[in-house]
Amino acid sequence: MSSTSSSSFIGLELATLALAAVSLPILHAAGPRFVAPVYGQFLSRQRHLPASMTFILINIIAAAYRSHSPKPINSSRLLLLVAVVLAASPAVMRASFGFSATWGPMFGPHITMIPLYLVTSLISSLTVYALPLPGLLSAGVAGTVFSASLARADSVESIVSAWTGITATCGLLRVVAAAWTLLSVLAAFGPLKTAIAAEQKPSNPKRKAKPASKSTVEKGGIAWKAAPLLASLVFPPLIARMFPGGLQCDHASSTNSKYDLLAFAESNTGYVYVIEDPELYGGTRLMRCDHSLIGGAYPSLDYDSTFGTFYFMDFVQYIERQKRKATRIALQIGLGSGASTRSLIQHAPNLEIDLVEIDPKVVEFAHEFFDLPHPKSTHVTDGRAFIDTAPSSSYDFVIHDVFTGGLVPRTLFSVEALEGVKRILKSDGVLALNFVGTMESVATHTVIRTLRHVFPYLECYSESTPDAADQPALYNMVFFASPKRIKFNLPPMDSLETKSAMYRRFLDEFPSYYASDWIREDRLDNGTAIVTDANNPLEGLQVGSAIEHWTVMRTIFPHEFWSGF
C-alpha cells in the first residue's frame, strides 16, 4: 500500500471515529423529541438509554468477532447503509405515528425509534472496525466511550446546535445524515481514484500482458469502482426527497380533514400546536404541546376556557385578608393558552401580573390565537430561576401551574423552590398551586407533605376525591398555601361583571370541590418524604400518572387529533 493510500485510509478511520462520537449522542437526544407528538417526551425517554445501549453493545461485540474473519469488511457499504437509513428515518418514524394507539405509550416510542436504533447499531459496528486495536479491546473502548457520550447526549447536542445554528430536531437529523453521506462519498472515492491511477499507469513493454478475465473487468474496472460513489451521491438525497418527514421536517400543510391547524412550531419545550375543531361546540380552539393539551377556549364565546377548573387558581383573589390593598401584585408561573391570566386581568382589575413562561412560542400563540391581554410584565425564562432571583416580599399571590406532558418539573416542587415562593410572597400572601394526579397517589402525598413542611396553612379544592362514584383516572387538585389562615369570601353571582358562563358556573360550584379533609396528615402514606433539591424522586413517582395522562388524552380527543398532523 502506498503512503498516500495509507494516509487516506487512516484519515477515513479518524473521520469515522469522530463522526460516531458526535452523531450518536445527537441521534439519542433527538429520538424522543421526534416521537413526542404521539407519546410525549417523558414517556419516550423511559428505558431509552438502556434500549440504545443494548443495540450498541450487541453490535460492537458482534463486530469484534466479525473483525477476525478472513474476509475483509466492506466499510464503504456499511457507510452507505448508514446514510440511506438516516435519510429515511424521519419518514419511517412519521409513518409509524399511525400505529401509536395500538402500540401504546410503554413500547410504542421504542418501536417507532427502531430506525434510529438501527443506525446507532451500524455506526457502533463501523467504529469497532475503524479502531486500530484487537477486536475485543476495540469493543471495550467503543462501549465505554458510547455509554459516556450517551449519558451526556443533551450537552453534545447543545454544542452542535450552537456551532451549526440548527436547533430543530429534524434539522439535526438531516445534518447527521448529510455528514454520513459525505463520509460515504469519500470512502467510495478512494478505490475509484486507485482504479483510475492503475488504468493510467504505463505498462512494461517487455512484460507480456495476460488477458483479463471477465470477473476482473467487471469487478476491478473503473465502472465497478464508480458504482459505490454514484450510489452514495444519489440514494441518500433521493430517499430524503421522496420520503419527507412530514410537518416536523417540512412544515407542510396538514392533511387532517377534521381539524384545522392554525399554528405550529418546534420550541424549547416541544412541538407546540394551535388546533381548531370547527364543529365542536360551534368552534373549539386548543393549544397542544407534544402529546398534552395545555389550554383551550371557545372563540365564539369571548374565549371562555374549555376547562373550567383552570379558573380555580383565579379564585385566590377571593381569600380574605385584613388589609385589602388598592393594588395587588401576582406572579404567574406557567401560561398554557392563557385562560387563567386572561381571567385574572378581566376579573381583578386592581391586580398587576408578572408572567413567567419558559416557552416563547406558548406566549406568542396565546396572544395571537387566544386573545390574551398583555400583563404588567412577561418574562420568558425558567420559573425556578425567576423565583430564586426575585425580590423578597414582592407578591400578594403566586399562581403555580406547570403541569404538561403527564408530569410537573420536579425543580419547582422541592422544599427549596417552595421556600423561595414563601420568601417572595408578602407576609399574608398565598400560593395557588395546581397538581394533576389522584388524591391517593404517592406523588400527590409527597407534594402535600412538602407543601406542609413550608407553609403552616394548606387547603385543597379538587375535581374529584377517592370516594367519588365516577372517579376519573386523573384530575386537577389546586392547593392554596399561606403563612396565614385561608378563608374564601366568594362574591355573589349577581355582582359578577363577566361574560364567562364557565367562570360563573365554577365559582358558584367552588365550595362543593372542597377536599381539604383528604389531605390531613393521618390520610397520607407514612412512607412519603418531603422533596428536596438533593433528594427529589418526584419524576420517577409520576411515571404511572404520565401513562394515565396519555390514555386520558386519547379519550378526550381521538387518534386522528394526535397523529394526523
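# Close-up views of a predicted model

**View 1. Helix 3 and helix 6 pack with their axes 8 Å apart.** Helix 3 covers residues 48-66 and helix 6 covers residues 114-130, and the angle between them is about 35°. Axes are lines fitted to C-alpha atoms, for helices over the stretch in contact, and angles run from 0 to 180 degrees between N-to-C directions. Helices (H or I, at least four residues) and strands (E, at least two) are DSSP runs, numbered from the N terminus. The crossing of the two helices is right-handed; a crossing has this hand if the near helix is turned clockwise from the far one by less than a right angle, and is left-handed if the turn is anticlockwise. From helix 3, the residues H48, A51, S52, F55, I56, N59, I60, A63, A64 and R66 take part. They meet Y117, T120, S121, S124, S125, V128 and Y129 of helix 6, where contact means heavy atoms within 4.5 Å. Nine residues of this contact are nonpolar, seven are polar and one is charged. In this count Ala, Val, Leu, Ile, Met, Phe, Trp, Tyr, Cys and Pro are nonpolar, Asp, Glu, Lys and Arg are charged, and the others, Gly among them, are polar.

The model is predicted: local features need pLDDT of at least 70, side-chain atom pairs count only at pLDDT 80 or more, and totals for chains, interfaces and linings use all residues. Residues are numbered from 1 along each chain as its sequence is written, and side-chain values use heavy atoms, with hydrogens and water left out.

**View 2. The chain has 21 helices and 12 strands.** Of its 565 residues, 52% count as buried. Buried means under 20% relative accessible area, exposed means over 50%, and partly exposed lies in between (1.4 Å probe, protein chains only). Among contacts in the chain with a separation of 6 or more, 73% join residues 24 or more positions apart.

**View 3. Helix 13 is mostly covered.** This helix spans residues 339-347, and seven of its nine residues are buried. These are A339, S340, T341, R342, S343, L344 and H347.

**View 4. Y461 and F510 form one of the 30 aromatic pairs in the structure.** Rings of Phe, Tyr and Trp (its six-membered ring) pair if their centres lie within 6.5 Å; planes under 30 degrees apart count as stacked, over 60 as edge-to-face and the rest as tilted. The pair of Y461 and F510 is stacked, at 4.1 Å centre to centre and with 15° between the planes. Y461 lies in strand 11 (residues 457-462) and F510 in the loop between helix 18 and helix 19 (538-541), so the pair ties together parts 49 residues apart in sequence. Y461 is buried at 9% relative accessibility, and F510 is buried at 1%. Another pair, F557 and F561, has ring centres 4.5 Å apart and planes at 20°, so this pair is stacked as well. F557 and F561 are both buried. Ring pairs also link a cluster that includes Y311, F312, F315, Y318, Y461 and F510.

**View 5. Arginine side chains sit over the rings of Y273 and W518.** The charged end of R288 is 4.1 Å from the ring centre of Y273. R523 lies over the face of W518, at 4.2 Å from the ring centre. A charge sits over a ring if NZ of Lys or CZ of Arg is within 6 Å of the ring centre and within 35 degrees of the ring normal.

**View 6. T446 is a residue of helix 17.** The helix runs over residues 442-454. T446 is buried at 2% relative accessibility. Leaving out residues up to four places away in sequence, T446 touches T528, A529, V531 and L541. T446 and F413 are 33 residues apart in sequence, and their C-alpha atoms are 9.6 Å apart.

**View 7. D290 and D302 have positive phi values.** Phi of D290 is near 55°, and D290 lies in the loop between strand 3 (284-289) and strand 4 (292-298). D302 has a phi of about 55° although it is not a glycine, and its place is in the loop between strand 4 and strand 5. D290 is buried, with a relative accessible area of 5%. D302 is partly exposed, at 32%.
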